[in-house]
Number of protein chains: 2
Amino acid sequence: VSEGAFIAVDWGTTNRRAYLFRDGVMDRTVSDGHGILAMQADEYGASIARLREELGDFPLLLAGMVGSNRGWRDAGYIGCPATLVMLASRIIHIPERIALAPGVSFISGGRADVMRGEEVQLLGAVSAGMAPGDALLCQPGTHCKWARMLGGAIASFVSVMTGEMFALLRSNALIGSLMGGPVTDSPAFREGVARAGEQDLLAALFGVRPASLLGLRDEGTAASYVSGLLIGSDCRAQVGKNDQVFVLADTKLGSLYSAAIEEIGGKAILLDSHAAFCAGITNIWDLIQ
Amino acid sequence: VSEGAFIAVDWGTTNRRAYLFRDGVMDRTVSDGHGILAMQADEYGASIARLREELGDFPLLLAGMVGSNRGWRDAGYIGCPATLVMLASRIIHIPERIALAPGVSFISGGRADVMRGEEVQLLGAVSAGMAPGDALLCQPGTHCKWARMLGGAIASFVSVMTGEMFALLRSNALIGSLMGGPVTDSPAFREGVARAGEQDLLAALFGVRPASLLGLRDEGTAASYVSGLLIGSDCRAQVGKNDQVFVLADTKLGSLYSAAIEEIGGKAILLDSHAAFCAGITNIWDLIQ
């Protein structure tokens, strides 16, 4: 059990969430938009001082993009298979009681992939017994991660630009003007998931405009259809029939991924991603005491 | 044979090319950036007057996006199978000796697609004997078209947002900053075409950044690799082993599509797209005299 108090920060690209732990129990959490893209290189010290003013003058353990070459300090990567013990062994210590966790890289057959922050959730979900040690885990988002856990370690993973592609299309593509509606688990979303099975994503995306021009799809449903196409493509590349997937996500994205996974014959189990992060980060904290 | 002289205009979204024909022979051609996106609704008359000042006071035959609901007048669509005779029969006549050709639509099994302008090239290529009446034709570009010709008619077609996706990624995606280099038929391009066979385009696109971070790909080759991924995905969805594809394109895009088609076991034959347009539009002109 963690002794004393510490502040853990899941410090991402666009957002940041800090957790105050006392004796291994989460006491308070605050989140804001001060991701690394909103930070100048010389602002980290002052930003951390403000976090301590808010949560208490405790040691800090930082994970996520803050440890990348675009963040505060580059904490490097550990390779796969990756465990909490390996993460803890490669922590970087910075003056004023600040510890910075490395990321995880995976290189195989000419392919390379990296993650920062997600590994804490993945390994935390397993260490807390939320998912078994041999399992397929999915973290939907801007860059969706699919991790294969073996013997409790991250054996391999792949990142997919699902969320970023949706945002790109809505903001900048010719079909973007049709994508103003909400994204919901609806018949249009399911149609997109089904259409993704035809393996011609770039043609299916073009087809959004003619379907509208020729009145084949209800107005306002294009965003759900495109989301179904993208999430469906993402899931079909990773999930086979009868595969079980543990999904770490908020309720909205989690329910869309669940729907897509079940539409293609898999089984989705939704996990609480905050609980998984807390389990992982307190484990690392214990290991470095 | 066409009698007298007329001006044909291939009037697209971003560009416009006008051809002066005298007795069925192309005499002069001029092109500019006055596509429909650069035109206000009330500017078409004046713009046509200027074309006549430049090329002569002759009747005009317009094809392409100028006949869309975003262009000058909506000339509607003819369905598939589509022929030059059907296009000619649905020409719209506008005062001051101007004829406007319809587009072509294809609807099948809940899918819809449309084209405007490309049909003149497709049917022209066949009528001029550049491609057989039963063939697969490809027109690379912002929205790449793949048309199945049967008995000399356009039997079906599909549009793919290949070129638009490349531009979106380069201008707006996180990997865009790595895509500054030229696109050439290079080992990186071929690697992208091969990688497209794994049917996980959104994962392969994400992988561009980690490959760079971890030094797995030479700097300056990401644009070629991404182009290979997109063109490879496009071709793999349409071309089977030993399929013959007639490609209507400029030299640069044509050679990239040829390389991709041959990499996946097909055979590409490059055709002159301007010659195909001239053949198609003079045929329509003859039919409406």
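Biologist: How much area is buried between chain B and chain A?

Modeller: The model is a predicted one. Carbon and sulfur atoms give 69% of the area buried between chain B and chain A. The total for that area is about 3,900 Å².

Biologist: How many residues does the contact take from chain B and from chain A?

Modeller: A residue belongs to the contact when its heavy atoms come within 4.5 Å of the other chain. Under that cut-off, chain A supplies 44 residues. The number taken from chain B is 44 residues.

Biologist: How far apart are the closest N and O atoms of Arg111(B) and Asp200(A)?

Modeller: Across the interface of chain B and chain A, the rule finds 4 salt bridges. A salt bridge requires the nitrogen and the carboxyl oxygen to lie within 4 Å. Arg111(B) and Asp200(A) form a salt bridge, and the distance between their closest N and O atoms is 3.7 Å.

Biologist: Which element gives the most to the side of chain B that touches chain A?

Modeller: Across the interface there are also 6 residue pairs in polar contact. Several elements of chain B each supply at least two residues to the side that touches chain A, among them β8 (103-108), β12 (153-160) and α8 (222-238). The element that gives the most, with 6 residues, is α4(B).

Biologist: Is Asp200(B) buried or exposed?

Modeller: Asp200(B) lies in the loop between α5 (187-195) and α6 of chain B. Leaving aside neighbours within four places in sequence, Asp200(B) is in contact with Arg111(A), Ala237(A) and Arg195(B). A residue counts as buried under 20% relative accessible area. The value for Asp200(B) is 10%, so Asp200(B) is buried.

Biologist: How many of the 17 residues of α8(A) are buried?

Modeller: Helix α8 of chain A covers residues 222-238. From its first C-alpha to its last, this helix reaches 24 Å, close to the 24 Å expected at 1.5 Å a residue. The helix α8(A) is mostly covered, and the number of its buried residues is 14.

Biologist: What is the relative accessible area of Leu62(A)?

Modeller: Leu62(A) is found in strand β4 (residues 60-64) of chain A. Not counting residues up to four places away in sequence, Leu62(A) touches several residues, including Val9(A), Trp11(A), Trp72(A) and Leu100(A). Leu62(A) is buried, and its relative accessible area is 0%.

Biologist: What distance separates the C-alpha atoms of Leu62(A) and Pro102(A)?

Modeller: Along the chain, Leu62(A) and Pro102(A) are 40 residues apart. In the model, the separation of their C-alpha atoms is 9.4 Å.

Methods: Residues numbered from 1 in each chain as written. Chains lettered and ligands numbered in written order. Predicted model: local features only at pLDDT ≥ 70, side-chain atom pairs only at ≥ 80, totals over all residues. Heavy atoms only, no water. Buried area = accessible area lost by both parts, 1.4 Å probe. Salt bridge = Lys/Arg side-chain N within 4 Å of Asp/Glu carboxyl O. Polar contact = N/O pair within 3.5 Å; in protein donor to acceptor, adjacent residues only side chain to side chain. Helix = DSSP H or I, 4+ residues; strand = E, 2+ residues; numbered from the N terminus. Expected span 1.5 Å × (residues − 1). Buried < 20%, exposed > 50% of the residue type's maximum accessible area, 1.4 Å probe, protein only.
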